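Please look over the protein chain and its two ligands shown below. A short report follows.

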Amino acid sequence: MLSRSSKYISRRFPSNITNSLLVSSTPVFIRSLHFSKPESLPTNKVKSLTTFQKYNFSQTMTQNNSVQISSVDEVAKIKNLSIFEITTSKPEQAGETFLVNDPATEDIIGQLPDMGLKETTAAIEKASEAYKSWSKVGARVRKEKILAWYELILKNKEDLARMITIECGKPYPEAIGEILYGASFVEWFAQEAIRSDGDTMPILTPSQRIFTTKQPVGVVGLITPWNFPNAMITRKAGAAIAAGCTAVIKPSPETPYSAIALKNLALQAGIPDGVINIVTTMKNVQEVGKELTTHPKIKKISFTGSTAVGKLLLSQASGSVKKPSMELGGNAPFIVFDDANINDAVDGLMICKFRNAGQTCVCANRIFVHSAIYDEFVSKAMTRMKETLKIGHGIIPGSTLGPVITEKAAAKMETILADAVSKGATVHEIIPESLKPQKGYFCMPKVLTDVNMDMVCAKEEIFGPICGIIKFDSEEDVLAKVNNVPVGLAGYFYSNNISRIYRVAEAIEVGMIGVNTGLIGSEVLPFGGVKESGLGREGSKYGLDEFLQIKSIVISI
Ligand SMILES: NC(=O)c1ccc[n+]([C@@H]2O[C@H](COP(=O)([O-])OP(=O)(O)OC[C@H]3O[C@@H](n4cnc5c(N)ncnc54)[C@H](O)[C@@H]3O)[C@@H](O)[C@H]2O)c1
Ligand SMILES: O=CCCC(=O)O
């Protein structure tokens, strides 16, 4: 029987992922197998812009009962591989290429053009040309085309999700959840396209009428992260093109194929060429970012990523006063008060902390538990983690914990652990170290107790499967600690006291609060942060306005 909050979670995520994280079961640990990579990478042999590698990786069996995964074989199982291919330019024009790998195996899955200034400028020009007609298309036509895009995303959801798992590492059922989440923004903004109403103002002077109309801002630059390769694009691009804007998207170099597929599906849906443009790069990220934030034809920059990069982009965009939307880093508190339902709180923590191996911007980062229930909560949470966290390649059925995105991200987890231990934390193993897959950027989940506020795990965003649990004694004490950070994206707390629910929800300095739930995202939620977590709101009835500008018209009669 699922608890109240797990039923809620199940509405948003396919039951196989929520059940596997929430409900006890016999542990089945999974190892991924490794493949030997070619010594030198044949970038000079690129035949087409999108080349999915066809090397024969030699497969070596690890110890007993290991599950074998070849990323190359897994890519080959994608039925509609053509949607991941770049079709709008030629390899010779693009010059150099970069390699994309599977973080769970380190296998190379493909290579793409490493575009730079020239290609970015060309994409902006193309978007600018397309803007002339797209911005004039009636809203009803835009709505129909965007709905057709939505249908195609749903039709291809298995292939899109498989690619997310291969290039980003999240378990396949979670990847399916992301496609449904991402598609919900496309559907939502298709419907919003016909709702960009203006206003009629009161008549102050009998001879004057004043009204407003909303117009698209123009060509927009969208820069997105790897942790939601699909949904972070649809949440921006869906709103942008519904508003009548055209877009140049720079996806993360780790997860470019999901972006390319979205663009190809948009073309198939009848959204004209040039409305959505993709610039892929690994080496020239800064150069491309500079062009997107300084080119005079770009009127808005919408970015999701780290606070450090967000600040840089804001400063670059200030030169030509581009309208900004910034979805930046967080450091989400997850508070369990002594009047909470502990089992519900454990449910919420599992989904909130371990989704995408702890790599979502709204993941629980600092877990505060009241001293009266601390031992019980820690014991129940660790039991649940031991029962349900299964590490391995996300394609393997039953796997609930994939790798982190890069070797650097895995190394950061080691640094965070070492810092905590040096400052007095106790580390609790969840999965025996001997079961760690030998290849891939896997991090073993760990619980930290005896955590204090000087530790990096309490001060900074962890972005991985480390779970530091901090003891507190009073509401006042915990609120002071919670708000003593420069960021404020999401927060969560568990309590059954209605007065406290109002009080604490209003006191925590974040843009989004989950009360008695660990999962908050949906297309109707105004998504965004306060303080250094960003500017603007995505999704919801406010999301379209980020891509519109109000024009006031005064008529003398
Ligand atoms: N608030 C949100 O909605 C949200 C959502 C997802 C991720 N995030 C945050 O993103 C961070 C993790 O993602 P990340 O590691 O990909 O962040 P990141 O800032 O390193 O990268 C995000 C994107 O910015 C690009 N980028 C990096 N440097 C750039 C530059 N100088 N100019 C232009 N583009 C540049 C990257 O290539 C990538 O496409 C975390 O802090 C997380 O909280 C926030
Ligand atoms: O990682 C950031 C986005 C997460 C979400 O939209 O729920």
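Is Val-362 buried or exposed? Val-362 counts as buried because 23 C-beta neighbours lie inside 10 Å. The cut-offs are these: buried takes 20 or more other C-beta atoms within 10 Å of the residue's own, exposed takes 12 or fewer, and partly exposed is in between, with C-beta atoms placed from the backbone.

## Basis of the model

This is a predicted model; local features need pLDDT of at least 70, side-chain atom pairs count only at pLDDT 80 or more, and totals for chains, interfaces and linings use all residues. Residues are numbered from 1 along each chain as its sequence is written, while chains are lettered from A and ligands numbered from 1 in the order in which they are written.

## The chain overall

The protein chain has 18 helices and 21 strands. Both are DSSP runs numbered from the N terminus: helices are H or I with at least four residues, strands are E with at least two. The chain holds 557 residues, of which 53% count as buried.

Contacts require C-beta atoms, placed from the backbone, within 7 Å. Take the contacts between residues at least 6 apart in sequence: 75% of them join residues at least 24 apart.

Val-362 sits in the loop between helix 13 (342–354) and strand 12 (364–370). Leaving aside neighbours within four places in sequence, Val-362 contacts Gly-330, Ala-332, Leu-489, Ala-490 and Ile-520. Ala-490 is 128 residues away along the chain, yet its C-alpha atom is 5.5 Å from that of Val-362.

Asn-365 belongs to strand 12. Asn-365 counts as buried because it has 30 C-beta neighbours inside 10 Å. With neighbours within four places set aside, its contacts are Asn-331, Ala-332, Glu-461 and Ile-462. Gly-511 is 146 residues from Asn-365 in sequence and 16 Å away, C-alpha to C-alpha.

## Glu-327

An unreviewed UniProt entry annotates Glu-327 as "active site". UniProt positions follow the numbering used here, feature names are shortened, and annotations may be inferred rather than shown by experiment. Glu-327 is in strand 10 (residues 323–327).

Why does Glu-327 count as buried? Because 27 C-beta neighbours fall inside 10 Å. Not counting residues up to four places away in sequence, Glu-327 touches Thr-304, Gly-528, Gly-534 and Glu-538.

## Ligand shells

Ligand 1 is surrounded by 28 residues, and the closest are Gly-289, Gly-305, Glu-327, Gly-329 and Cys-361. A residue is near a molecule if its C-beta atom, placed from the backbone, lies within 6 Å of it. Helix 11 (285–294) and helix 12 (307–318) each supply at least two residues of this shell. By class, the shell has 13 nonpolar, 12 polar and 3 charged residues. Here Ala, Val, Leu, Ile, Met, Phe, Trp, Tyr, Cys and Pro count as nonpolar, Asp, Glu, Lys and Arg as charged, and the others, Gly among them, as polar.

Around ligand 2 are Asn-227, Phe-228, Thr-360, Cys-361, Val-362, Gly-521 and Phe-527. That shell divides into 4 nonpolar, 3 polar and no charged residues.

## Strands 17 and 18

Strand 17 (residues 490–494) and strand 18 run parallel, joined by 4 bridges. Pairing takes at least two DSSP bridges between two strands. Gly-491 has Ile-513 as its bridge partner in strand 18.

Strand 18 (residues 512–515) has Met-512 and Gly-514 on a covered face, and Ile-513 and Val-515 on an uncovered one. In a regular strand, side chains alternate between the two faces of the sheet.

Notes
Contact = placed C-beta atoms within 7 Å.
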